[in-house]
Amino acid sequence: MNLSVIGGGSWGSTLAQVLTDNGHSVLVYDINPVYVDKINHQKHPFFDEPLKDIKATNNLKEALEFSDLILLSVPTKAMRDVLKEINSLINSKKSFVNVSKGIEPETLKRVSEIVKEEINPENLENYAVLTGPSHAEEVILRKLTLLTSASDNPEFAKQIQCIFSNDTYLRVYTSSDLIGCEVGGAVKNAIAVVSGILSGHGLGENARAALITRGILEIIRVVKVMGGKTETAFGLTGIGDLIVTASSENSRNFTAGKKIGSGINASKAVEESVQTVEGIRTIQAMHLLSIEKNIELPIIDIAYDVIFNNLSVEQAVAHLLTRDLKEEKLD
Ligand SMILES: NC(=O)C1=CN([C@@H]2O[C@H](COP(=O)(O)OP(=O)(O)OC[C@H]3O[C@@H](n4cnc5c(N)ncnc54)[C@H](O)[C@@H]3O)[C@@H](O)[C@H]2O)C=CC1
Ligand SMILES: O=C(CO)COP(=O)(O)O
């Protein structure tokens with residue numbers, strides 16, 4: 001098959017390689033001419049591992065004409081504008097697979113909702129999210145990885161499963177819970193930032209285990225309020241992705257959090273990352289959601305105060321520890 005990859009950064013270029021490994025043809029589009037040039041010289045923009053048989057362009061129209069299956073791998077912050085541009089350039093039906101993990105703070109919308117708003121319905125054939133525990137650093141080395149493809153159209157979820165799966169390092173499951181999968185992938189980044197903050201502040205593995213456990217409950221509350229299924233949070237796209245992101249030095253979100261925990265200002269921590277850090281915006285979005293929907297998200301709410309209101313990490317930890325003592329409820 002032919003596929004167009006929109007966003008040739010860390011993840012987009014890595015997935016382009018997966019697709020090529022699986023026998024498909026890809027054309028990568030990116031706005032950054034340096035990345036386009038690197039890819040065309042079979043160099044990954046971020047990693048040492050060489051690419052093989054991948055072409056790139058900085059002409060979006062050319063990328064869209066290359067195929068009817070579009071992989072979206074730009075940061076969520078850029079997603080709406082990129083989709084507007086795509087919509088102005090297409091005049092036939094396209095299917096979209098999103099691999100970005102975020103929620104728009106201004107609207108509290110998931111990427112599937114943004115796609116529906118920005119792409120004319122007559123040009124929108126199918127939509128799926130492909131998500132799960134998958135640091136690009138490992139996938140590019142062909143290290144074993146499991147993902148989930150979720151769509152409202154089970155046939156399309158299966159098609160994406162077949163396109164991305166291979167016998168050597170990548171296995172894709174399907175899910176019909178698009179909302180649960182999208183929310184899990186986005187909100188785990190928020191918790192991963194907090195995990196980094198704890199680590200940067202000198203706290204240990206007990207604190208991290210506690211955070212992951214209590215953090216998944218916050219993910220479940222968001223999944224429920226947004227209309228997804230609780231059980232999805234216990235799968236690859238929820239707890240699976242939370243574990244890998246909240247405990248890995250490969251994670252941009254964890255790394256940004258670690259800097260904040262060691263005293264660096266949040267916007268500086270994000271600026272210092274050449275690659276996308278989604279979790280800070282997701283903390284902002286989830287804090288607004290907790291107010292709007294009156295749901296209890298104590299970890300995310302206090303992280304919001306640390307990041308946006310200069311609350312110290314000591315004060316944040318003290319706040320969490322002095323909440324009313326209660327029974328451990330798992331919902
Ligand atoms: N890196 C990883 O291991 C994984 C990343 N993701 C998600 O994938 C998304 C992208 O992340 P990364 O690839 O890591 O980020 P990145 O920062 O490495 O790459 C983003 C790419 O998008 C391009 N871009 C930005 N604005 C654009 C625009 N308007 N038009 C065209 N291209 C544009 C940038 O030039 C860059 O090449 C994020 O939502 C992230 O959460 C998901 C799974 C794994
Ligand atoms: O989503 C990811 C792993 O599944 C990547 O997380 P980071 O963006 O924090 O590196």
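**Entry 1: the shell of ligand 2**

I sorted the shell around ligand 2 by class and noted 1 nonpolar, 7 polar and 4 charged residues. In this count Ala, Val, Leu, Ile, Met, Phe, Trp, Tyr, Cys and Pro are nonpolar, Asp, Glu, Lys and Arg are charged, and the others, Gly among them, are polar. The model is predicted, so local features need pLDDT of at least 70 and side-chain atom pairs 80 or more, while totals for chains, interfaces and linings use all residues. Residues are numbered from 1 along each chain, chains are lettered from A and ligands numbered from 1 as written, and side-chain values use heavy atoms, without hydrogens and water.

I listed the residues surrounding ligand 2, among them K101, H135, K188, D241 and N253; such a residue has a heavy atom within 4 Å.

**Entry 2: polar contacts**

I looked for pairs of N or O atoms within 3.5 Å. A polar side-chain atom of D241 lies 2.6 Å from an oxygen atom of ligand 2, and one of K188 lies 2.7 Å from an oxygen atom of the ligand. I then noted that the protein buries 91% of the 310 Å² that ligand 2 exposes when taken alone, by the Shrake-Rupley method with a 1.4 Å probe.

**Entry 3: strand β2**

Which strands pair with β2? I found that β1 (residues 2-6) runs parallel to β2 and is joined to it by 5 bridges, and that β3 (residues 55-57), also parallel, is joined to β2 by 3 bridges. Pairing requires at least two DSSP bridges; strands are DSSP runs of E with at least two residues. I6 has Y29 as its bridge partner in β2.

Methods. Helices (H or I, at least four residues) and strands (E, at least two) are DSSP runs, numbered from the N terminus. A polar contact is a pair of N or O atoms within 3.5 Å; within protein, one must be able to donate a hydrogen and the other to accept it, and residues adjacent in sequence count only if both atoms are side-chain atoms.
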